[in-house]
Amino acid sequence: MNPTNRTNPSNPMYSFTPTGEKFQLPSPEDYSTELGRLKEVINHQRSLGREIVVVMGLGFVGAVMAAVVADAEDSKGKPTKFVIGMQRPSTRSFWKIPLINLGQPPVSSEDPEVAPMIDRCVNKKKTLTATFTYDALKFADVVIVDIQCDYLKESLGNVREGRAEMEALEESFEIIAQNISPQALVLIETTVAPGTTEQIAYPIMKKVFKKRGLKGDPLLAHSFERVMPGKNYVASIRDFWRVCSGINEEATRRVVKFLKDVIHTDKFPLTVLDRPIESETAKIVENSFRATILAFLDEWSLFAEQNGIDLIKVINAIKVRPTHNNMIFPGPGIGGYCLPKDGGLGLWAYRHVHGFEDDIFKITPLAIDINDTRSLHVAQLARDALRNMGRPIASAEILVLGASYREDVGDTRYSGSELMVRRLTEMGAELRVHDPYVLHWWEFERQDEYPASSSSLKRFFRGQEKLKDLRVEQDLRKALHGADAVILAVRHKHYLSLDPDEVVANAGGSIAVVDCFGILDDNKIKRYFELGCEVKGLGRGHVKRIKDQVKG
Ligand SMILES: NC(=O)c1ccc[n+]([C@@H]2O[C@H](COP(=O)([O-])OP(=O)(O)OC[C@H]3O[C@@H](n4cnc5c(N)ncnc54)[C@H](O)[C@@H]3O)[C@@H](O)[C@H]2O)c1
């Protein structure tokens, strides 16, 4: 299916890539044609002795995992697997299928391995294809589940008022069971509420197996992803330690074998746990631990601001001690898809999967709540910096540098920047944004339906309608022109060496600068003050000292 610019009035359903290329969604007739294509390809692949692997969900994890599996070779350098990436043909995601089939990655990242790997597997090794039909499951020796399992929060800064959104996952387990051969291994990689494999997936699939007259148990296993989209995207899947567990001996044997085939377990040994709930819990505890060490610094960040301390230097001083070298400065809130939700899946499972009524969780929900609201403080810093310059926040032109949740990636999910844009808008400011990795900030452009109609963060703020018109500027000079304030929100490499003189010249005069991530060193802070600017920063109480020195 090629990109098309035709408008077909009888079928106006298109899916758009982030760069605006549009692909027509499949029609009912396309399904039989697609099944025919798959049958032909798979007959050929089987004749080459390759195992057929279906990866369900071609998102940030599934798309690159599919390529890693498709790229796997035996000791003689021969490919051992043929991968079918399977993706729902929704308007939001269908475009990923034709893009992959052209050999192009559906995710943007700084890792130079991603694009050539997908191109190599699709066009040269011919070990990877993508499809929209669940019929693909019928051919699978292994199914990898990489679809999402969201946690919907009902209020801002209170993770306890929320729930795991299990519907997509539950539906997928049913569809998988209806289609797979009983010998197929089903490997759940999705981060799930602990207990999901044994207490949700197993009964759903077993019931369908019974209806199909199949006697055996579904071969279910869990092994979570530790993928880090960014510079080491591929390596964080292929060259990294894995934890896994199967629902029974056979499932465990199969998952261990599969992971040994596709991941460099010789250098990064596998940890095999007794039960899937242990593997599921390992993921949730791992991310809750990280959320907690980040949240812990929020109060010390405020302490630093109020007492003339540079928290960045304090952290660096502590990190010299090897026992404390994993301390990290939290930036403007902890976004990304995982840390804001994973602890919530644990809380939810305790009550709704395992049936407990008591409240044992103290630290994990508190950490998430702190992280979820940390970036609101950035709006206060911008307000105060502008006030010191005699400019009201209402109607001030504020440029946010960085829309994504972390440096050098294009993933905007739950980024601290989103929350600060929403709060500053509520306070009357005019917002603009620059991000070299983000072409469309869908959380704003499509805020009525993204991430879902009920879950946009817009519902927690007033006056958000105009944010539908917010567009990500790619030209930094243009973005700076006429700005009253600049918020350094993400540590993208493009922002680390910005020269204060150039920034001020491009803005056309003095500005308020808010540093959310320890991006400015003391010389730059000093220079901004010399240029008549105001500077504030998360955890950077020492700027006042520098200001006093400059102003004499
Ligand atoms: N993004 C990360 O950095 C990261 C890291 C570690 C773990 N994880 C976990 O991995 C899982 C996937 O995350 P992601 O970031 O890839 O999510 P994502 O939203 O980018 O991708 C999920 C994909 O699954 C598709 N999908 C949903 N239902 C489907 C169905 N029934 N059939 C086929 N496709 C379907 C969606 O359309 C989407 O393309 C989550 O559990 C997440 O917590 C993510």
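Let me begin with a term: a residue is called buried when its relative accessible area is under 20%, exposed when that area is over 50%, and partly exposed in between, with a 1.4 Å probe and protein chains only as cover. What we have here is a predicted model, in which local features need pLDDT of at least 70 and side-chain atom pairs count only at pLDDT 80 or more, while totals for chains, interfaces and linings use all residues. Residues are numbered from 1 along each chain as its sequence is written, and side-chain values use heavy atoms, with hydrogens and water left out.

With that term in hand, please look at Ala136, which counts as buried because its relative accessibility is 0%. Ala136 sits in the loop between S5 and S6, where helices (H or I, at least four residues) and strands (E, at least two) are DSSP runs numbered from the N terminus. If we leave aside its neighbours within four places in sequence, Ala136 is in contact, meaning heavy atoms within 4.5 Å, with Leu38, Val54, Ile84 and Thr131. Ala136 and Ile42 are 94 residues apart along the chain, and yet 9.6 Å separates their C-alpha atoms.

Let us turn to the ligand. Which residues come closest to the ligand? There are 26 residues around it, and the closest are Gln87, Lys96, Thr191, Lys341 and Arg413; a residue is near a molecule if one of its heavy atoms lies within 4 Å of that molecule. Sorted by class, this shell has eleven nonpolar, eight polar and seven charged residues, where Ala, Val, Leu, Ile, Met, Phe, Trp, Tyr, Cys and Pro count as nonpolar, Asp, Glu, Lys and Arg as charged, and the others, Gly among them, as polar.

For the individual distances, a polar contact is a pair of N or O atoms within 3.5 Å; within protein, one must be able to donate a hydrogen and the other to accept it, and residues adjacent in sequence count only if both atoms are side-chain atoms. An N or O atom in the side chain of Gln87 is 2.6 Å from an oxygen atom of the ligand, and for Ser93 a side-chain N or O atom is 3.4 Å from a ligand oxygen. On the side of a ligand nitrogen atom, a polar side-chain atom of Ser172 lies 3.3 Å away. On its own the ligand has 840 Å² of accessible area, and the protein covers 95% of that, with areas taken from the Shrake-Rupley method with a 1.4 Å probe.

The 13 residues of H5, residues 167–179, should span 18 Å at 1.5 Å a residue, and the end C-alpha atoms are 19 Å apart, which agrees; the expected span is 1.5 Å times one less than the number of residues. Glu167 also lies in H5, but Glu167 counts as partly exposed because its relative accessibility is 49%.

Next comes Lys125, in the loop between helix H4 (114–124) and strand S5 (128–131). Is Lys125 buried or exposed? Lys125 counts as buried, because its relative accessibility is 17%. The Lys125 side chain makes a polar contact of 2.8 Å with the side chain of Asp71, and another, of 2.9 Å, with the side chain of Glu73. Lys126 lies in that loop between H4 and S5 as well, and its phi is near 55°, a positive value in a residue other than glycine.

Tyr414 also has a positive phi, near 55°, and Tyr414 is found in the loop between strand S13 (397–401) and H14. Within helix H14 itself, residues 416–426, we find Ser417, which counts as buried because its relative accessibility is 1%. A polar atom of the Ser417 side chain lies 2.8 Å from the backbone oxygen of Gly402.

I will finish with a peptide bond: Tyr450 and Pro451 are joined by a cis bond, with omega about 0°, and Pro451 is in the loop between helix H15 (442–445) and strand S15 (472–473).
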